[in-house]
Amino acid sequence: MEENVTLDEMLSFREKKVSMQEALHKKHEEATIVALGMNIPGPRKISPGIFQAFSAGGEALNRLFLEHGLTVTEETVVKEKAGYLKLYAVKSQDPLFVKKITIHMEETHPLGRLFDIDVYDEAVNGIGRAELGYPVRRCLICEKDAKLCGRSRSHTVEELYGRVESMINSWLIERGR
């Protein structure tokens, strides 16, 4: 059953993510830390469809790392009411390269707009798209800057969540599921 997540649960999930990233970094100091989450607007962060999309993102990241000769030394998955998270320790001395290839995946995978792939440098600071000259993420509905759209509440949560479900359902139909 799909349940709404509370603000406290979301904040706790974010704190857990940071703590797990830091622990993974301490364990694998030479690795680049990569986090896969989902861009799901509103209070419903999990569903069978969202989990299938999240799993597809994990599979695509694993292929991407393999294609580029990057070894994953450890990965961890979290499934909670507040969302899904997959953390990777990737053998790479070049976190900027890792960010570039993950941005490419976000921009080319059929569900890439729903993936939230964060890459962290040696100091566990997130590397932003702008640092590499990439445009900001676009709104799911109107293609404007997603953060500005979100702040101005240009669209209802129901509209945004409906778009997420539509994207996932279309993807599942294309895959014959």
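**Entry 1: strand pairing.** I began with a working rule: two strands pair if DSSP finds at least two bridges between them. I also noted that the model is predicted. Then I looked up S1 and S3. They run antiparallel, and 6 bridges join them.

Strand S1 covers residues 31–38, and its pairing with S4 is antiparallel over 6 bridges. I found Val34 opposite Val119 in S4. I also found Met38 with its bridge partner Phe115 in S4.

**Entry 2: the whole sheet.** What is the order of the strands in the open sheet? I read it as S2-S3-S1-S4, 4 strands with antiparallel pairing. The edge strands are S2 (71–80) and S4 (115–120), and each pairs on one side only. From one strand to the next, the twist averages 15 degrees.

**Entry 3: the faces of S1.** Is S1 mostly covered or mostly open? I found it mostly covered, with 8 of its 8 residues buried. I reminded myself that side chains in a regular strand alternate between the two faces of the sheet. I then sorted the residues of S1. Ala31, Ile33, Ala35 and Gly37 point one way. Thr32, Val34, Leu36 and Met38 point the other way. All of them are buried.

**Entry 4: helices on the sheet.** Next I asked which strands helix H1 lies across. Helix H1 spans residues 7–27 and lies across S1, S2, S3 (83–91) and S4. It runs at about 15 degrees to S3. I then checked helix H3, residues 95–108, which packs on the sheet and touches S1 and S4. The direction of H3 makes about 175 degrees with that of S4.

**Entry 5: helix H5.** I looked at helix H5, residues 157–174. Its 18 residues reach 26 Å from the first C-alpha to the last, close to the 26 Å expected at 1.5 Å a residue. Which residues of H5 are buried? I listed Leu160, Tyr161, Val164, Met167, Ile168, Trp171 and Leu172. They cover an arc of only 130 degrees around the axis, so they sit on the same side of H5.

I checked the face of H5 turned away from the buried side. It carries the exposed residues Glu158, Ile173 and Glu174. I also asked what covers the buried residues of H5, and the cover includes helix H2 (48–67). After H5 comes Gly176, with a positive phi near 80 degrees.

**Entry 6: aromatic rings.** How many aromatic pairs are there? With ring centres within 6.5 Å as the cut-off, I got a count of 4 aromatic pairs. One of them joins Phe65 and Tyr88. Their ring centres are 5.2 Å apart and their planes stand at 80 degrees, so the pair is edge-to-face. This pair links distant parts of the chain, with Phe65 in helix H2 and Tyr88 in strand S3, 23 residues apart. Both Phe65 and Tyr88 are buried.

How values were computed. Residues numbered from 1 in each chain as written. Predicted model: local features only at pLDDT ≥ 70, side-chain atom pairs only at ≥ 80, totals over all residues. Heavy atoms only, no water. Helix = DSSP H or I, 4+ residues; strand = E, 2+ residues; numbered from the N terminus. Axes fitted to C-alpha atoms, helices over the stretch in contact; angles between N-to-C directions. Contact = heavy atoms within 4.5 Å. Buried < 20%, exposed > 50% of the residue type's maximum accessible area, 1.4 Å probe, protein only. Expected span 1.5 Å × (residues − 1). Arc of directions from axis to C-beta. Phe/Tyr/Trp six-rings, centres within 6.5 Å; stacked < 30°, edge-to-face > 60°.
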